[in-house]
Structures are given as structure tokens and as C-alpha cells.
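Subject: Structure handover

Hi,

Here is the structure I promised to pass on. Please open it alongside this note; my findings follow below.

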Amino acid sequence: MAPAAGETAYFQRGSLFWFAVITLAFGYYTWVVFWPQSIPYESLGPLGSFTQYLVRRHQSILRNGYWLAWLIHVGEALYAMVLCKSKGITNGQARLLWTLQTFLFGIASLSILMAYRPRRQKHS
């Protein structure tokens with residue numbers, strides 16, 4: 001779908017490496033917070049021992065940190081919407097993609113948008 005006349009439709013997908021790291025980390029964090037009894041701690045080596053320590057001694061901090069992380073992602077997504085407007089990205093689909101990508105992957109997406117420098121058109 002081509003942007004309408006006068007619309008700016010800049011969008012760049014982030015690094016697959018960082019998306020994979022973030023997905024795996026958030027997946028593991030979700031597993032730890034909601035189903036800690038099903039984690040094979042012994043099979044995970046030092047990560048398992050550390051996770052088991054956190055689950056036994058700091059469960060409320062883990063749960064609060066989990067929801068805080070999602071809240072931060074919501075804030076980053078809202079900031080991405082504002083940033084799109086300030087950088088002149090007017091295409092609705094591009095804005096939606098930036099918002100969703102930033103909500104799911106946080107700073108890995110937002111940093112790309114923050115680094116974007118739109119071309120300034122010369123007025124003659």
C-alpha cells in the first residue's frame with residue numbers, strides 16, 4: 001500500500017538478533033513469574049540456581065518487576081507515537097507499525113526511531 005500524496009511512511013524493522021533475545025528473555029521471565037513450579041532448575045545450570053533463588057526469596061519483586069517491564073513498554077510505545085508525529089511520519093500504517101514494534105520490543109525498536117533523521121525539504 002503506497003502512502004497517500006504528502007504522507008511520510010518511514011518504517012524500519014529492528015534487528016532479528018535483538019528481537020530473538022528479547023522474546024526469549026521475556027518468555028523466560030513470564031515462565032518464572034507464572035509457572036515457577038514447572039521450571040527444570042537443575043537442568044539450567046547457574047541460570048537455574050539463580051532463578052530458583054529469586055523465586056524462593058523474591059517472588060513479589062519478580063512479579064512486580066514483570067508488570068513494571070510491561071508498563072515501561074507501554075510508555076515506550078506511547079513515546080513512539082509522539083516521536084512519529086514530531087519526526088513527520090504521517091502515514092497511519094507506519095505509525096501503527098512503530099507503535100506495535102516498540103510495545104513488543106521496547107528500546108530495540110525505539111532506538112531506531114530516535115536515530116531517524118528526516119530529510120528537510122528546501123523551500124525555494
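L71 counts as exposed because its relative accessibility is 55%, and exposed means over 50%. Please keep in mind that this is a predicted model. L71 sits in helix 3. L71 also belongs to a nonpolar surface patch.

L71 and F11 are 60 residues apart in sequence. In space, their C-alpha atoms are 24 Å apart.

Helix 3 runs over residues 59-86. Just after helix 3 comes G88, with a positive phi of about 80 degrees.

The buried residues of helix 3 are L62, Y66, A69, H73, E76, A77, A80, L83 and C84. An α-helix has 3.6 residues a turn, so residues three or four places apart point the same way.

**H73**

H73 lies in helix 3. Is H73 buried or exposed? H73 counts as buried, because its relative accessibility is 9% and the limit is under 20%. Setting aside residues up to four places away in sequence, H73 touches F26, T102, F103, L104, F105 and G106.

**Aromatic pairs**

The structure holds 14 aromatic pairs. One of them joins F34 and W35. This pair is tilted, with 5.8 Å centre to centre and 55 degrees between the planes. F34 counts as partly exposed, at 32% relative accessibility. W35 counts as partly exposed too, at 45%.

F34 also pairs with Y66. Here the geometry is edge-to-face. The F34 and Y66 pair links distant parts of the chain. F34 is in helix 1, Y66 is in helix 3, and 32 residues separate them. Y66 counts as buried, because its relative accessibility is 6%.

Which residues do ring pairs link into a cluster? They are F26, Y29, F34, W35, Y66, W67, W70 and F103. F26 and F103 are also among the residues that H73 touches.

**Helix 4**

Helix 4 has 14 residues. Its first and last C-alpha atoms are 20 Å apart, close to the 20 Å expected at 1.5 Å a residue. Buried in helix 4 are A94, W98, T99, Q101, T102 and F105. These residues pack against helix 1, helix 3 and helix 5. T102 and F105 are also touched by H73.

T99 is placed in helix 4. T99 counts as buried, because its relative accessibility is 15%. Which residues does T99 contact, leaving aside neighbours within four places in sequence? The contacts are A77 and M81.

L97 is partly exposed, with a relative accessible area of 34%. L97 and A80 are 17 residues apart in sequence. Their C-alpha atoms are 10.0 Å apart in space.

**Helix 5**

In helix 5, A108, S109, L110, I112 and L113 are buried. They pack against helix 1, helix 3 and helix 4.

**In brief**

L71 is its exposed example here, and H73 is a buried one. The F34 and Y66 pair links helix 1 with helix 3.

Best regards

Conventions
Residues are numbered from 1 along each chain as its sequence is written. This is a predicted model: local features need pLDDT of at least 70, side-chain atom pairs count only at pLDDT 80 or more; totals for chains, interfaces and linings use all residues. Side-chain values use heavy atoms; hydrogens and water are left out. Helices (H or I, at least four residues) and strands (E, at least two) are DSSP runs, numbered from the N terminus. The expected span of a helix is 1.5 Å times one less than its number of residues. Buried means under 20% relative accessible area, exposed over 50%, partly exposed in between (1.4 Å probe, protein chains only). Contact means heavy atoms within 4.5 Å. Patches are made of residues with over 30% relative accessible area and no salt bridge: like charges are joined within 9 Å, nonpolar side chains (Val, Leu, Ile, Met, Phe, Trp, Tyr) within 5 Å. Accessible areas come from the Shrake-Rupley method with a 1.4 Å probe; for residues, only the protein chains shown count as cover. A salt bridge is a side-chain nitrogen of Lys or Arg within 4 Å of a carboxyl oxygen of Asp or Glu. Rings of Phe, Tyr and Trp (its six-membered ring) pair if their centres lie within 6.5 Å; planes under 30 degrees apart count as stacked, over 60 as edge-to-face and the rest as tilted.
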